[in-house]
Amino acid sequence: MKIKEFHYGGLIMNKILESSGSVIDRQSTENLRNKDNQHYLHPWEDIGSFGENQRTVAVGGKGIYLYDSEGNRLIDGPGGMWCTQIGYGRKEMAEVIARQIMRTPYYSPFNLTNDVSAVLAEKLAQMTPGDLNTVFFTTGGSTAVDSALRFVSFYNNCKGRPEKKKIISRQDAYHGSTYLSASASGKTRDKNFQDTAADIISFIGSPNPFRRPVGMSEEEFRDAKVKELEDRILELGPANVAAFIAEPILASGGVVIPPAGYHKMCLDICRKYDVLYISDEVVTGFGRLGHWFASEKVFDIVPDIITCAKGMTSGYQPLGACIVSDNLIAEISGNTGKGTIFSNGYTYSGHPVACAAALKNIEIMEQEKILEHVRETEPYFLQKVKELEDIPIVGNVRGQGLMACVECLLDPDKQSSLALDYEMGGRIDKKCQAMGLIVRPIINMNVMSPPLIITREQIDEMVQILRRGIEQTMDQLVKDGLWEMPVH
Ligand SMILES: Cc1ncc(COP(=O)(O)O)c(C=O)c1O
C-alpha cells in the first residue's frame, strides 16, 4: 500500500511552521523529548515510566493531519481527544481568536458579562433539545460534569431535601478528572490508585451488548440493564437518589453503544422516581453523531441537564458548558431563591476568547454543512471499520456516527483479561504511528474519532493503515509464541 505523503510531510510541515511562527525557536526532537521527560507530567502518565517516554512531538497540523518534529505526517485518528471536528490549521479560527484577544482577552464572569459569551449562551440554548436553556460555562468537560453534579446537589438543598444526594453512574463510564467527575467515572483501572467520593456515587453495570451473557438477546440484556437501574434506585431509596448520569455512547469506555431503546427506558425510570437525568455529551455533542446534540435527535430523550465541551471549539480553545432545563431553574429561582448563592464557578467561566472560538467553530460547521457530511459519511466509515472484523485477533468492531472502536480479543471466553490485553492497544498504536496514523489505545481496544471533515479517501487510508498495524501486531505475537491463531 502506498502511504501517500507520509515521508514528504517535512516539506508541508516546513511550510506550516514558516507561515505560522511560534513562541519558541525550532528545536530538535531529542531536545524536546528531554524537556518533556524531565518536566512534563502527562494525563494518565504511567508513573513507572516517567522520564523514559519517546512521545511523538506534534509541531504542526493541517486538516486531518498532524506533523511531528521529524517531519512525518500522521492522520489524527482520535481527532485529538474526540475534539478536532473542523480539523487543524483553520485561518478563520486564528483570525477570530486574535481579534477577540485584541478586543477583550478577559472579563470577570463573577460580576460582568460579555458580548460574545452572552451570544454563545443564546446560541447553545437554541441548539439544545427541549427547555434546556440555561448555560453555565466551564473550562472543559470535567468541570462541566462537576458543575452539573454540584448543581444537582444545590438544587436539592434549595428544595429542602438534603438527603437526595446519591448519583447513579455506570461501569465503563468516563466523566472527567476533577475529584467529583472522576468519582462518577466507572473505569476500574483508573481508580486503582486514586481516592474517590465513593459514598455519593453508586455504579450499575455497563450496557455493553458485546459483553452480554451467552444466549441472552440484546432486548433481554437491555431490559436487564434498565431493571438494574430501577432496582438500584429502590435499594438506595428514591428519596436519596438525586441523578443518573450517562454518556449516550460510553466513549472512553470503548465506544459502548447501548441496545436500542435503553436511554428512553432509563429516562422513564428516572421520571418515575423523581431522579434527574444528566446526559454527558462531552463527546457525542457537536456533530460526532451527525447532530449538534445526540440526546434527542439520536436517542429520543430530553434530559434535565446536558454537559458538553470538546467539539464546541474543535479544540482551538478550552471550553465546556453545563446546560440546565428551564424547569429546574424555575423551581429554585425567583422569590424562592432570593439570597441563595450557587457558589460554583471559575475565573475562566465563559472566557471571551474561548466563546469567540466556539461561535466561529459553529459558524464554520453550519456553512460547510459538517453535520450533513457526518450523516452522509457514517455508513461508509462504519462499513470500512467493520471490515476489520475479518482479522482473527479482532473480536468486535462497533461504532456510530464518526466514532468507532476495534476491540482485540486475546481471550476467547471474553471473561478474563490477560496481561497482554493491557498492551494490545499500545502495540497497535506504535505500529500504526510508524506508518502515519495515530490511534488511541485503551487496554485491548483502539478507538477512533477522526476530524469530522474526513473524506472517504482519507477513511480508506486510515483503515488500511489500521489493518496493517493490527495484522503486524498479531503476526508478531504469533512469532513470539504469545498468541495462537484460532483454528476453525
Ligand atoms: C464523556 C466525557 N465526559 C467528560 C470528559 C472530561 O472532559 P475534559 O477532559 O475536557 O475535562 C470526557 C473526556 O474525555 C468525556 O469523554
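**Reading the labels**

Modeller: Sorting the shell around the ligand by class gives three nonpolar, five polar and three charged residues. Here Ala, Val, Leu, Ile, Met, Phe, Trp, Tyr, Cys and Pro count as nonpolar, Asp, Glu, Lys and Arg as charged, and the others, Gly among them, as polar. Before we go on: this is a predicted model, where local features need pLDDT of at least 70, side-chain atom pairs count only at pLDDT 80 or more, and totals for chains, interfaces and linings use all residues. Residues are numbered from 1 along each chain as its sequence is written, and side-chain values use heavy atoms, with hydrogens and water left out.

Colleague: Which residues are around the ligand?

Modeller: Among them are Gly-140, Ser-142, Tyr-174, His-175 and Glu-247. To be near, a residue needs one of its heavy atoms within 4 Å of the molecule.

Colleague: Why is the pair Lys-123 and Glu-366 called a salt bridge?

Modeller: The rule asks for a side-chain nitrogen of Lys or Arg within 4 Å of a carboxyl oxygen of Asp or Glu. Lys-123 and Glu-366 come to 3.0 Å, N to O, so they qualify. Lys-123 belongs to helix α5 (residues 115–127) and Glu-366 to helix α13 (residues 352–367), so this pair ties together parts 243 residues apart in sequence. Helices here are DSSP runs (H or I, at least four residues), numbered from the N terminus.

Colleague: Arg-90 and Glu-92 also form a salt bridge. Is Arg-90 buried or exposed?

Modeller: Buried means under 20% relative accessible area, exposed over 50%, and partly exposed in between (1.4 Å probe, protein chains only). Arg-90 has 14%, so it counts as buried. Glu-92 has 28%, so it is partly exposed.

Colleague: How do you know that Phe-50 is partly exposed?

Modeller: Its relative accessible area is 33%, so Phe-50 falls in that in-between range.

Terms used:
Helices (H or I, at least four residues) and strands (E, at least two) are DSSP runs, numbered from the N terminus.
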